[in-house]
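Trainee: I would like to learn how to read a few features of a structure that is new to me. Could you take me through them slowly?

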Amino acid sequence: MNRENKRIILILIALCICFTGLIGYMSYFQVFRAEKIKANSYNKRLWINEERILRGSIMDRNGNVLVYSEERDGAIQRFYKYGNLYSHIIGYSHREYGKSGLELIYNNALLNINENSAIDEIINIVAPTTVGNNIELTIDHGTQERARNLLQGRKGAIVAMNPKTGEIYAMVSMPDFNVNRLRDDWGTISEDVNSPLLNRATQGLYTPGSVFKVITAAAVLNTPGVETNYNCEGSTTIDGYSFSDYQNTAHGNLDLNQALIKSCNTYFTTKAVVVGEDKLRKTAEGFMFNSNIPFDLPVKNSTYPKGNLETTELAASGIGQGKVLTTPLNMVLTASAIANNGEIVKPILVKNVVSTNGKIIKSNRTETLSVAVDSLKASAIKEMMIGVVQTGTGSNASIRNVQVAGKTGTAENPSGKSHAWFIGFAPANDPKIAISVVLEEEGSTGGRSAAPIARDLIIYGLNNIKF
Amino acid sequence: MFNKKVSINSPRNLLFLFEILSLFLLLVSQWNNIEKTIYYIWIGLILIIYISNYLLNKISSGDNYIFLIVTMLMSIGIIMIYRIDPNLGMKQLLWLSGGIAVFYLTYFAIKLIRGWDRWITLYIGASYFLFIMTFLLGTRKYGAINWINIGGISFQPAEITKILVIFIIASYYNKPDVFKKYRYSDYILMGIIYSFIALLFLQRDLGTALIFYGIFLFVQFIYEEKRKLILYNIGLSSIGAILGYVLFDHVKIRIQTWIDPWSFIDNKGYQITQSLFAIAEGGFFGTGLGLGHPEFIPLAYTDFIFSAICEEMGIFTGIGIIMLFLILVYRGFKIALNQNNKFYKILAIGVSLLFGIQSIIILGGVLKLLPLTGITLPFVSYGGSSILSSFIALGILQVSSEDINYEGEEVVE
């Protein structure tokens, strides 16, 4: 073959490489990149349905409309009646900034579009829907408003729920943002070091501190033959590392009951080591640690360290320090478990999805997720938690005429300022509301700052919620 | 083993089937606004395509597949254009019929008229004339001044210049010795081509400039005896590219939006991001004809037709189109390898390069693999001048695929 033809073939090969390169890139694009690109909010295809379908309203448990859509000046507009109050629960549906919260997760329900089967697609083409479905929440608007007021100016989260049914009455995370001012505030919101976009109630991972002692207490009860009496000297040394009590107070002779009431650190560190790593971890996992809590909003998993722990780390885990991390949602479930005879029910935020003609399309029912402890031990722990509020660290949560059960926590963390915790429920004999309060980097004890907030909200809730 | 008749008939029949099926789909999706006349025109086109393929088999002793490939490409294109805008689809039907006529016209003209290799001065003169016309009469369309409007019909002179450039290069390298007698003839050729490229830069028609450059560089690579000229060419063009980037804002914008279109999604990056949305939305099998949203893609019927096709027919169809171009280019080069007449050999290379480079530039562009330059996808995009010039080029390739028994007469001093 002559030189010319060889060169012609060289160029042909080069062109072939270009063409196959195009095919390769296109396949790569489709497999690895397409999903992310499609989700860009500038993709008008995402909004095509929005222009012809009246997006459904969102209501609280009493039928108060919180968010609705209306046609004004020929265009469908979304109206958020409460700019900040539901910024983490309902979220937003915004042309430029996309969707979040229930607006994102229940998007198809709100637009009444079903993308599941080919038949549904054909129905959508032949008879397109023009009105979306409404959503009924389990939230009590008044309680939600009160919870936000109680947290005003602080960082943290409050979750209140029915321990028996799982219905969430209030869920507040602070700082929050105004969904009606996204365009003006987006720069500040998205760059704020306090991350107002984060829903702390479900996605904030906090060191639980002493509220975890409820779980350690359950582990002690679950382990036969553990000596429950202990003499507290104000500090103890485990494996060369010293654990001390709040202000080094020596509590003297204690049983489990007194230890929880006084939130004795030396007691629970020592008992955690006695109970052993396996037992404590399994008990924590019964309380939904290291597992996914099914919920209508995205939830971060609480973590309890796995693998061979150093003895000191095991001891620290016993008082909710070390590598133990949890969400406020998980802690309200922990309180609920004690209130509900040891059973953890699935938390519910969306009660019903209702079509415009009033037909219930989908509803969330109460489901048991886990049996954390048996009912006998649950009622034993309940008695201890009543004691915490009556005579112990949680006395600021006590209410006249209503028996409150609870546990405080003051969690040390890398910021240097402790988180203040309170978890509890009331009335103790027939629990109607369970609550978890965390004040992030509050620098104060749970009993001093978190317990009064819980108290206020429980009073409001018991008086106003239609159970 | 394979009977030639069978092997050419079966793809022709498959193409026929494809057209009938997709016509049916179009009828269903456009049911509400169908005019009666459209049936006749569609059926007319399908018959024209079928008959031309059949006739070509009888007339031409050369490659019978290239026309078949092209009719497949244009069938996909016209279906998409008609789906986007029935009025444009109707016009495109006429252009395609005209294109096929021009293909036969070119075929016979190139075959019957002798001496195509001797008119280099005419080609150069005609090219400059077209450029001058463009600047005098040109109107700006989509940011480029490359359209002229005569008697209500607007066309792109650069589409014709493409063909002329191939003829200029082929005439020169056919008999380089004749020209080498004049001093610096090789530099003069390079100067002429560069002047075209510079003029295209001024018209902001970067895509076409790139095509000219590509054709020239590759043919030079194959035939130029003085190898250092190729290096000069590459060096000069690199300097030119950098200068173009520094001097012209419109070049800068292309590069910026290629590197990161997402930052300019509202304005400069709008076109390319809309194209990516469409391709991503289509997935492997597409949304189905009539179920996507090509109306969101700017210029979906011309430059971005590939994105619209990918959205509704899936990237499998997109890959199909790329493979059709690959086969077309492959057959073009095969024709060149088998052609003994040097002039026609270079013509075949030039035309194959034209199809290859043009399709790679625009396909890479809409995929954001290359900077976006506004050119058409040959045979698929809407556009009279593009369709006509592509069919002229195809006609030339068809002639080149046959045995050429005569030698061009020696140029006598």
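**Reading a helix and a sheet**

Mentor: The buried residues of helix 8 of chain B pack against helix 5 (120-137), helix 6 (157-174) and helix 9 (206-223) of chain B, where two residues are in contact if their C-beta atoms, placed from the backbone, lie within 7 Å. This is a predicted model, in which local features need pLDDT of at least 70 and side-chain atom pairs count only at pLDDT 80 or more, while totals for chains, interfaces and linings use all residues. Residues are numbered from 1 along each chain as its sequence is written, and chains are lettered from A and ligands numbered from 1 in the order in which they are written.

Trainee: Which are the buried residues of helix 8 of chain B?

Mentor: A residue is buried if 20 or more other C-beta atoms lie within 10 Å of its own, exposed if 12 or fewer, and partly exposed in between. Helices (H or I, at least four residues) and strands (E, at least two) are DSSP runs, numbered from the N terminus. In helix 8 of chain B the buried ones are Leu189(B), Ile192(B), Ile193(B), Phe196(B), Ile197(B), Leu199(B) and Leu200(B). Seen down the helix axis, they fall within an arc of 160 degrees, taken from the directions from the axis to the C-beta atoms, so they line one face of the helix.

Trainee: Which exposed residues does the face turned away from the buried side of helix 8 of chain B carry?

Mentor: That face carries Tyr187(B) and Gly191(B). Just after the helix, Arg204(B) takes a positive phi of about 65 degrees.

Trainee: In what order do the five strands of the open sheet in chain A come?

Mentor: Strands of a sheet pair through backbone hydrogen bonds, either parallel or antiparallel. Two strands count as paired if DSSP finds at least two bridges between them. Here the order is 8-7-19-18-17, with antiparallel pairing, and strand 8 (168-174) and strand 17 (405-411) of chain A are the edge strands, each pairing on one side only. Strand 17 and strand 18 (residues 419-426) of chain A are joined over seven bridges, and Thr408(A) stands opposite Phe422(A) in strand 18 of chain A.

Trainee: How many bridges join strand 2 of chain A to strand 3 of chain A?

Mentor: Six bridges join strand 2 to strand 3 (residues 75-80) of chain A, and the two run antiparallel. They form a hairpin with two residues between them, and Asp73(A) in the turn has a positive phi of about 50 degrees. The bridge partner of Tyr68(A) is Phe79(A) in strand 3 of chain A.
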